[in-house]
Every structure is written in C-alpha cells, then in structure tokens.
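Here are some notes for your review of this model. Please read them with the coordinates open.

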Amino acid sequence: MHIAVFDDNIADRKQMERLLRRQSDRYQKEGKEHFYIDLYGNIPALLRFPQVYDIIFIDMANPDEDDERFKTGMDVAKLLFEIGGMKNVVMCSSCHDYKTLAKEAGIYDELLFIDKQIRVKDLEEILTECEKRLGDPIPTLEMRGERQTIYARENDIICAEMIGENQLTVYLTENRSINLITDIYNLFEQCAIFTAICPISQDAMINVNHIKDEGFGWVIMDTDKKLKVAFAYRGNIKEIRRRLAAKQKN
C-alpha cells in the first residue's frame with residue numbers, strides 16, 4: 001500500500017510516519033501488504049504524481065507563502081479531486097475543522113477525517129476503512145534503484161541474483177531490470193507478499209511461474225537465463241509449487 005503524508009509541520013510528519021511504520025509492521029505479521037510511505041512538506045512535490053497513492057493524509061496549519069490559493073489543507077484536497085484518480089484522502093484536523101470546511105466545499109462524502117493528536121485506535125479504523133474502499137489490491141513491491149523506481153507485481157519478477165557485495169540485479173518482464181543495493185535475504189523478506197518467489201541459493205531467487213526448464217542443480221527461466229540451484233535449496237521449488245497448487249484448490 002502506497003501512502004503519502006502531506007503536512008506543513010515537520011514534527012507531525014515524522015510522528016505520522018512512525019505511527020504508520022508500526023502499523024505496517026503489524027500488517028506484515030498478519031500477511032498483509034507492506035506500507036510504502038512518502039513525506040511531503042510542500043504542495044508542488046505532492047502534486048507531481050498523487051494518483052500513485054492509495055492513501056493521502058493531509059494537514060496544513062498555515063497558508064502557503066508561495067501560492068495564495070492554498071490557505072488550509074482543504075484547498076489541497078480540492079485540487080487533488082480536480083486532478084482526479086484519488087482513492088483515499090484523509091484530513092487530519094488540528095487547528096482547522098476540516099469536517100465543516102469539507103461540507104462547505106461539497107466534498108464531505110469523498111473524504112475521511114482523523115483528529116490530532118492521532119490515536120493508534122483511530123488510525124487503525126481509518127486504515128481499515130481505506131482498505132474497504134480499495135477492495136482487494138494486487139500486492140506490489142516497490143524497488144528503488146539509484147536512478148529509477150519500479151513498482152512490480154508478482155508476475156513482473158522473473159529472478160534476481162547477486163552481482164557483488166550488497167548489490168543485486170532483479171530481472172523483470174518486458175526485458176527490464178533494476179540494480180539494487182541490498183542482498184537476497186532482504187529482498188526475499190520484502191517478497192513475502194508474493195507466493196511464487198523462491199530462493200535457490202544464497203545468491204539468487206526466482207519466480208517459479210517463470211521457469212522454462214530445469215534439471216539437477218539448475219533452472220532456465222523463460223528469458224533463457226540459467227541459474228544454479230544450490231543443493232540445500234533443491235526442495236524449495238517443489239514446496240512453492242505445492243503451496244501454489246493448494247492455494248488454487250481453495
């Protein structure tokens with residue numbers, strides 16, 4: 001789940017980030033999707049790609065010094081709805097009564113509301129309501145390289161292998177790839193939201209749905225890339241296939 005926090009108070013931004021990261025950890029333990037959180041303190045940055053976010057939290061206590069159109073966070077929310085494609089916009093009320101302002105703006109029903117100081121229980125309720133509005137989203141993994149960011153669904157990922165110390169390459173469909181500063185263990189943990197990803201050695205992992213051929217100690221992916229399967233990892237592919245088959249029956 002991709003979440004943006006827009007707040008002109010840096011302390012409030014950081015506090016919301018801490019609360020969301022704790023909720024994200026809880027969600028992952030429950031097998032739900034990880035939260036990807038971006039923080040914004042200025043309006044132009046938020047407005048670059050607002051449609052990518054599943055949830056946007058908004059509060060703006062003071063008028064924008066550079067643009068007189070924006071006096072409160074409600075002005076930001078109205079512009080977001082004019083842009084279109086918004087999923088969940090949550091107004092965080094501090095010095096402004098956003099419920100009243102939303103009724104005056106005619107967008108009360110489109111918004112969600114939470115009061116500061118934000119309580120964990122209230123945040124949990126908001127996140128639950130956002131999930132209901134989103135339905136059953138397709139799990140997506142955010143991969144941030146040095147020069148690009150890719151949002152990959154499970155079937156987008158073909159395989160990944162280490163190319164150096166704390167450096168690996170993820171190979172994707174449509175002849176794409178991305179280099180990451182991490183290791184196979186960390187990447188595999190991030191891929192816990194998927195069901196077909198399988199480690200085959202200390203240096204590589206694959207998506208079993210993209211296997212073209214296999215033999216003793218090796219697999220060939222559907223891109224014709226050949227990878228070694230370590231002896232201790234030989235049973236992993238069979239186990240992942242068993243789980244996938246069981247899931248299809250259910």
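1. **Conventions.** Contact, or touching, means heavy atoms within 4.5 Å. This is a predicted model, in which local features need pLDDT of at least 70, side-chain atom pairs count only at pLDDT 80 or more, and totals for chains, interfaces and linings use all residues. Residues are numbered from 1 along each chain as its sequence is written, and side-chain values use heavy atoms, with hydrogens and water left out.

2. **Threonine 169.** Which residues does threonine 169 touch, not counting those up to four places away in sequence? They are Cys159, Ala160, Glu161, Ile163, Ser177, Ile178 and Asn179. Threonine 169 sits in strand S9, residues 167-172. Helices (H or I, at least four residues) and strands (E, at least two) are DSSP runs, numbered from the N terminus. The relative accessible area of threonine 169 is 6%, so the residue is buried. Buried means under 20% relative accessible area, exposed over 50%, and partly exposed in between, with a 1.4 Å probe and protein chains only. The side chain of threonine 169 also makes a polar contact, at 2.6 Å, with the side chain of asparagine 179. A polar contact is a pair of N or O atoms within 3.5 Å; within protein, one must be able to donate a hydrogen and the other to accept it, and residues adjacent in sequence count only if both atoms are side-chain atoms.

3. **Overall build.** The protein has seven helices and 15 strands. Its C-alpha atoms fill a box of roughly 70 × 40 × 30 Å along the principal axes. Of the 250 residues, 44% are buried. Among contacts with a separation of 6 or more, 56% join residues 24 or more positions apart.

4. **Largest nonpolar core.** A nonpolar core is a set of buried Ala, Val, Leu, Ile, Met, Phe, Trp, Tyr and Cys residues joined through side-chain atoms within 4.5 Å. The largest one has 24 residues, and those touching the most other members are Phe6, Ile56, Ile58, Met74, Val76, Met91 and Leu111. At least two residues each come from strand S1 (2-7), helix H2 (43-46), strand S3 (55-59), helix H3 (73-83), strand S4 (89-93), helix H4 (98-105) and strand S5 (111-115). H3 gives the most to this core, with five residues. Beyond four places in sequence, isoleucine 56 touches Ala4, Leu46, Pro50, Leu80, Met86, Asn88, Val89 and Val90.

5. **Cavity.** On a 1 Å grid over the protein atoms alone, a cavity is a set of points where a 1.4 Å probe fits but cannot get out; a pocket is an open set with protein on both sides within 12 Å along at least five of seven lines; lining residues have an atom within 4 Å of a point. Grid points are joined across faces, edges and corners, and a volume is the space filled by probe spheres set on the points. The structure holds one cavity of 30 Å³ or more. The largest cavity has a volume of about 130 Å³. Of its 14 lining residues, Asp12, Gln15, Met16, Lys116 and Ile118 are the closest to its centre. S1, helix H1 (10-29) and S3 give two or more residues to this lining. H1 gives the most, with four. By class, the cavity lining has eight nonpolar, two polar and four charged residues. Here Ala, Val, Leu, Ile, Met, Phe, Trp, Tyr, Cys and Pro count as nonpolar, Asp, Glu, Lys and Arg as charged, and the others, Gly among them, as polar.

6. **Second largest pocket.** This pocket holds about 240 Å³ of space. It has 15 lining residues, with Phe188, Thr195, Ile197, Ile240 and Arg243 nearest its centre. Helix H6 (184-190), strand S11 (197-199) and helix H7 (234-249) give two or more residues to the lining. H7 gives the most, with six. The lining of the second largest pocket has nine nonpolar, two polar and four charged residues.

7. **Histidine 210.** Is histidine 210 buried or exposed? It is buried, because its relative accessible area is 6%. Histidine 210 lies in the loop between strand S12 (204-207) and strand S13 (211-215). Beyond four places in sequence, histidine 210 touches Asn155, Ile157, Ile158, Thr173, Ile220, Met221 and Asp222.

8. **Aspartate 183.** Aspartate 183 lies in the loop between strand S10 (176-180) and H6. Its side chain reaches the backbone nitrogen of tyrosine 185 at 3.1 Å. A polar atom of that side chain also lies 2.8 Å from the backbone nitrogen of asparagine 186. Not counting residues up to four places away in sequence, aspartate 183 touches Met162, Asn166 and Leu168.
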